[in-house]
Amino acid sequence: SPPRRRRSSHAAKRPLISATDHRMRSLANFLLMVGVCVPPALYVAVLHRRCPAETPTSGESGLALARRWLAALPADASSMFAPPSSVACDVYASHPRLCVNLIYFVVVDVGFYLIYLLQGSTWLIDPHWQLIPVCISLFFFSHPDAGWDEGVPQHPRAYLVLGLLLVWATRLMHNYLRREGYQFGDREDWRYNDMRREHGRWFVISQFFAVCVAQHCMLVGLTMPLQPAMAASGASLNRFDALAASLCLTGICVGLVADNQLFAYMQSPDKPLLLDSGLWRFSRHPNHFGEQLWWIGILSSAVAAAGGWSGFVAGGPHCWAVAFGVCFNHPIDTLATLPLIEARMLRRPERATLYRAYQRRTPLLAPWFVRGGGKDAKVA
């Protein structure tokens, strides 16, 4: 899940540079952040425009198609103005979720990994927690399955989900930018900074799995419900769409309030040792709660597209493929990421006693009534 707390600065170990050089480096990193989205966008545009309307499917397994797609990719990428290979059109038209995973593997898993090695920092994945879901949503929004033959998707759910996602991404990107002081590439996630220090020279290898592969399962997995949600063949708008929209908007609002309160706390020159007011009085991690609620809302939109729970579950393996992201990300966020944050909060001796009392009286994730009023309150 995207980082929410203060980060350690890997860049702090680098030699001091002038203000002009710092601005130029930040600008270069901004161009890099945007530029890495261009090649996959051009590739998908070529597929969309040049693949035949009735693309024949080979009937091969996903693994066989993936191997053929990877083998054909160098030729497809080197001749962007020539008709794409038959396997590229087959994967794009008949297997859109596989297409997204393959493009992500090449661009993010491999491409970003090489950038991490060159820059000595994994910062690039942080802003793309907002950008990649937008890119994937636009892929499904413009896909033939969305009824794009006439130039516009045929299902109103596609517009609803895309609108919600753009609001979510804008809100989260604004929070990221102000937290980073509108600089690009200065700091990497403190978790990866700690991992870099602990793994030493082996981090060159371990970061591919800990950063690239793990983020693949989260980012792509969480966005898989967008494909059925935007399909023209989905069920008519129903009560599950109202549920999905309510969950998404509630998640956005909770995240907005929690992040604003955290930002104000971090900017305060005389801040107390502990933020335990506002939403943070009722949850130790309300920003994470809002984010998890948001993705449950996106999953609910896929349930709505299936006409309800019975239709969704009847999808069998398709159902589990769509729900994989939430089933993978949310337990990891709750059982791995949040304990890391809690341990970090306990590192400072002067804050440890206060925070342990805060742990006893305040729920970990879902906002709820505090357990007692004093710092010595016990867990019921």
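1. A salt bridge, as the word is used in this note, is a side-chain nitrogen of Lys or Arg within 4 Å of a carboxyl oxygen of Asp or Glu. Arg361 makes such a bridge with Asp276, and their closest N and O atoms are 3.0 Å apart. Arg361 belongs to helix α15 (residues 349-361), while Asp276 sits in the loop between α11 (239-267) and α12 (286-305), so that the pair links distant parts of the chain, 85 residues apart. Helices here are DSSP runs (H or I, at least four residues), just as strands are (E, at least two), and they are numbered from the N terminus.

2. Some words on the model itself belong here. This is a predicted model, in which local features need pLDDT of at least 70 and side-chain atom pairs count only at pLDDT 80 or more, whereas totals for chains, interfaces and linings use all residues. Residues are numbered from 1 along each chain as its sequence is written, and side-chain values use heavy atoms, with hydrogens and water left out.

3. The pLDDT, which is the predictor's confidence in each residue on a scale from 0 to 100, has a mean of 90 over the protein chain, and 92% of the residues reach 70 or more. Over residues 3-14, however, pLDDT stays under 50, and the model has 51 contacts (heavy atoms within 4.5 Å) beyond four places in sequence for this stretch. Residues 374-380 also have pLDDT below 50, with 13 contacts in the model beyond near neighbours in sequence. Where pLDDT is low, the predicted coordinates should not be read in detail.

4. Arg361 is buried, because its relative accessible area is 12%, whereas Asp276, at 31%, is partly exposed.

5. The whole structure has 13 salt bridges, and another of them joins Arg284 to Glu342, with the closest N and O atoms 3.0 Å apart. Arg284 lies in the loop between α11 and α12 and Glu342 in helix α14 (residues 317-345), so this pair ties together parts that are 58 residues apart in sequence. Arg284 counts as buried at 9% relative accessibility, and Glu342 counts as buried at 7%.

6. Glu350 forms a salt bridge with Arg348, the closest N and O atoms being 2.8 Å apart. Glu350 is partly exposed at 43% relative accessibility, and Arg348 is partly exposed at 32%.

7. The disulfide is formed by Cys51 and Cys89, whose sulfur atoms are 2.1 Å apart, and the link is left-handed, with -85° about the S-S bond. Cys51 is in the loop between α2 (38-50) and α3 (62-78) and Cys89 in helix α4 (residues 86-94), 38 residues apart; both cysteines are buried.

8. Cys248 is buried, with a relative accessible area of 2%, whereas Cys253 counts as partly exposed at 44% relative accessibility.

How values were computed: Buried means under 20% relative accessible area, exposed over 50%, partly exposed in between (1.4 Å probe, protein chains only). A disulfide is a pair of cysteine sulfur atoms within 2.5 Å.
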